[in-house]
Amino acid sequence: MTTYKYNMAQGGRNVKGEYELKCEYLSHGVRGEYGRTWGHRVKLYKDGTEVAKAVIPYYNRTWERYTYESAMREVLYRYKQKLIKYACEQERSKHGRAPRGFKNTYGAMIDAKFKDFVDKIKDNALEKEF
């Protein structure tokens with residue numbers, strides 16, 4: 001198991017904090033969510049609490065520049081979608097419905113806050129924990 005850390009010092013209270021990516025290799029013959037296959041499982045933790053996970057099954061070699069890249073990008077994408085969904089639900093509960101364009105605007109704001117994190121994943125520049 002490989003662990004990577006990222007500290008987000010700025011942003012709102014729902015995004016600021018210590019992020020940890022725990023990456024695991026799934027070998028052939030492991031019966032999992034996608035049957036008997038090999039791949040990568042990544043869990044995203046924020047301040048010690050699991051917030052998202054992704055399992056990427058592989059059938060052949062991939063386009064990844066380094067191990068776990070696509071799985072880490074997928075788990076971060078799922079977490080951002082979860083934040084957007086939660087914000088929309090909060091807005092609907094307050095006002096009965098979300099204003100026009102709220103989801104797109106909030107999504108763009110979340111993308112801007114996580115841009116450095118995404119770039120660090122893309123460049124393989126995350127702090128590795130041993």
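What covers the buried residues of helix 2? Part of the cover is helix 1. Before the details, some ground rules. This is a predicted model, so local features need pLDDT of at least 70 and side-chain atom pairs count only at pLDDT 80 or more, while totals for chains, interfaces and linings use all residues. Residues are numbered from 1 along each chain as its sequence is written, and side-chain values use heavy atoms, with hydrogens and water left out.

Helix 2 first. Helix 2 covers residues 102-113. Helices here are DSSP runs of H or I, at least four residues, and strands are runs of E, at least two, numbered from the N terminus. Helix 2 has 12 residues, and at 1.5 Å a residue these should span 16 Å. The expected span is 1.5 Å times one less than the number of residues. The end C-alpha atoms of helix 2 are 17 Å apart, which agrees.

Which residues of helix 2 are buried? They are F102, Y106, G107 and I110. Buried means under 20% relative accessible area, exposed means over 50%, and partly exposed is in between, with a 1.4 Å probe and protein chains only. Down the axis of helix 2, the buried residues fall within an arc of 120°, so they line one face. That arc is taken from the directions from the helix axis to the C-beta atoms. Why would spaced residues share a face? An α-helix has 3.6 residues a turn, so residues three or four places apart point the same way. The face of helix 2 turned away from the buried side carries exposed N104, T105 and A112.

Now a lysine. K80 sits in helix 1, residues 69-95. Is K80 buried or exposed? K80 is buried, because its relative accessible area is 11%. Leaving out residues up to four places away in sequence, K80 touches I110, D111, F114 and V118. Contact means heavy atoms within 4.5 Å.

On to the strands. Strand 1 (residues 2-8) and strand 2 (residues 17-26) run antiparallel, joined by seven bridges. Two strands pair if DSSP finds at least two bridges between them. M8 has G17 of strand 2 as its bridge partner. Strand 2 also runs antiparallel to strand 5 (residues 38-46), with eight bridges. There, Y19 has K46 of strand 5 as its bridge partner.

Salt bridges next. How many does the structure hold? Six. The test is a side-chain nitrogen of Lys or Arg within 4 Å of a carboxyl oxygen of Asp or Glu. One of them joins R41 and E24, with the closest N and O atoms 3.3 Å apart. This pair links distant parts of the chain: R41 is in strand 5, E24 is in strand 2, and they are 17 residues apart. E24 is partly exposed, at 27% relative accessibility.

R65, E69 and R73 are linked in a network of salt bridges. R65 to E69 is 2.7 Å between the closest N and O atoms. E69 to R73 is 3.4 Å by the closest N and O atoms. E69 and R73 are four residues apart in helix 1, so about one helical turn separates them. E69 is buried at 0%. R65 is exposed at 52%, and R73 is partly exposed at 31%.

Last, the cysteines. C23 is buried at 0% relative accessibility, and C88 is buried at 5%. How many disulfides does a search of the whole structure find? Zero, with a disulfide being a pair of cysteine sulfur atoms within 2.5 Å.
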